[in-house]
Amino acid sequence: MEYIVSARKYRPMTFDTVVGQSALTTTLKNAVKSGKLAHAYLFCGPRGVGKTTCARIFAKAINCQNPTADGEACNECESCQSFNEQRSLNIFELDAASNNSVEHIKTLMEQTRIPPQLGRYKVFIIDEVHMLSTAAFNAFLKTLEEPPAHVIFILATTEKHKILPTILSRCQIYDFERMTIRNTVDHLKHVADQEGITYEEQALAVIAEKADGGMRDALSIFDQAASFCQGNITYEKVIEDLNVLDAENYFQIIDLAVANKVSDIMVLLNNVINKGFDGGLLIQGLAKHVRNVLMAKDPQTLPLLEVSDQQRQRYQEQAKHCETRFLYQALKLMNQCDINYRQSSNKRLLVELTLIEIAQITQPDDDASAGRRPRRLKTLFKNLIRQSQPQNATPQVVAAKPVVSAKPNAISKPAHSENPNPQPKPSAPASPAMKIGGIGFSWNNLRNQGKPSKMKIIPGSVSAAVEQQTDAVFSQEDLELQWMAMCNRMPKELYGIATRMKNMNPVIIELPRIEVTVDNALIKQEMDDFRGRIVNTLKQSLQNANITLDIRVAEHQEQAKILSRREQFELMSKENLAIEKLRQAFDLELA
């Protein structure tokens, strides 16, 4: 006897035997009962969910001479018999993957003119319709819009987005759902019972997960597993045959991570990799496992688990021992690992580090073996600094850099004084307050080296650095340098005016009076709004508390003429004859 694969042998022949598409099949049966049939249908969905099967059942029911009260075909009339024996002249199937040219569509359109010999309709089933070329779609468009009364088109596709919108608008669209784990397992049980094959439900669940929502794929894997297991499908044999990572590994990793047993996790990972499994596959499966554990913590999300009843029970048991915070952080770490896995040059190390971090989530912060930085380290440094400061220390204003006085009398005296009657030493001045951020090195400290220091401005008062020296002499070069440094440090919200200020040239009118000339009154008004901040910054930078700033609008004769590119080039050529010689040597022209 000829062997027939399960996907063909147990292909549904009626609407009621279609698995997992109850809403859709009910709609089609009602259309058959009422006789309200459209001229074009589009069945779309993933592979192996019953699109072509439903198209054939629907085509047979349409032409049935004695349909049942439920809208099913009778399987007894001549039309049904001819269809079952594959000799029907009223139902045509076309594979658009291999017949996608304009000539094939034109041939099909010519057949639509011939009325049916038996039955009421001629039904054309076009599978993989998205493979038609654009020209073939356009040739098909007119007939699809106004077909003869005896013609019905049923189109099937896995990629609806590739079909022209003009085609979609002329069809009734039916979206097929993916097969759930539960529906797939139930159908595999029915097939196993019909074939006399013993099975374990957990093994069928593995097959259903491997099929990824396709019933045809599930039946093909079922046949493969049945051949390997020789009629007794067990979980261990299915795992071995399909080369699937055992879910027991995921349960063990999470239990070990909650118990902070990093060494055991590393041994388990090594065993998994030695069996030939990829580390990235382990992370993906573990992330799915943690997601299922998270769903099992709440009865409302428990139905979202597409697993067998036995597995669902195990997820609930493990969810009781896992904190929600642990599951959230573990998912975040594994997602980051999955993103970086392809770019990583040492993939195994990345997986190991991820599993170590997961195992440390529930570890106490003060545990030295956690491998993480203690959170209380900064507090410890603060306490040490506070203890080292004198009790009578007065608060000081902290500057980014200490300021060295330039006055002659600021030089310290020798240690051995000539005064025969030394006076009692005054109490030592309070040491400046230290900031934790200044201890050690950081990227910000290294990045800011060599840049003008930023001093903390206290509103309503002059900073300590300015009070130390209130009449320092500065040159025009110093002024321009500090002006440019101030513009570079201005915040982002003042970026526009800072760019304009970089093109301004502050001038010392009479020390310490400074004048800035602006192009128009709008810029002057904008600068007047924060004139005080500019003056305070210059006072600190130039160490002169008497600085004043005048802002005036330039006179008409003072405004520089804006030169065009050609005028700029001509001016450069006059000032530097080498530029003109270079242009003549290479025969250059200004674009």
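The legends below describe a predicted model of a protein chain, beginning with the whole chain and moving on to close-up views of salt bridges. Residues are numbered from 1 along each chain as its sequence is written, and side-chain values use heavy atoms, with hydrogens and water left out. Because the model is predicted, local features need pLDDT of at least 70 and side-chain atom pairs count only at pLDDT 80 or more, whereas totals for chains, interfaces and linings use all residues.

**View 1. The protein chain as a whole.** The secondary structure comprises 26 helices and ten strands, where helices (H or I, at least four residues) and strands (E, at least two) are DSSP runs numbered from the N terminus. Of the 591 residues in the chain, 37% are buried, a word that stands for under 20% relative accessible area, with exposed meaning over 50% and partly exposed in between (1.4 Å probe, protein chains only). Among contacts (heavy atoms within 4.5 Å) with a separation of 6 or more, 72% are made by residues 24 or more positions apart. The chain exposes about 36,400 Å², of which carbon and sulfur atoms supply 51%, with areas taken from the Shrake-Rupley method and a 1.4 Å probe.

**View 2. The salt bridge between K9 and E195.** The whole structure holds 21 salt bridges, each defined as a side-chain nitrogen of Lys or Arg within 4 Å of a carboxyl oxygen of Asp or Glu. In one of them, the side chains of K9 and E195 meet at 3.0 Å, N to O. Since K9 belongs to helix α1 (residues 6-9) and E195 to helix α8 (residues 181-195), the pair ties together parts that are 186 residues apart in sequence. K9 is partly exposed, with a relative accessible area of 48%, and E195 is also partly exposed, with a value of 34%.

**View 3. The salt bridge between D16 and K29.** Here the side chains of D16 and K29 meet at 3.0 Å, N to O. D16 lies in the loop between α1 and α2 (22-34), while K29 lies in helix α2, so the pair ties together parts that are 13 residues apart in sequence. D16 is exposed, with a relative accessible area of 54%, whereas K29 is buried, with a relative accessible area of 14%.

View 4. The side chains of E201 and K189 meet at 3.7 Å, N to O. This pair links distant parts of the chain, with E201 in helix α9 (residues 201-211) and K189 in helix α8, twelve residues apart. E201 is partly exposed, with a relative accessible area of 27%. Through salt bridges that share partners, R182, D186, K189 and E201 are joined into one network.
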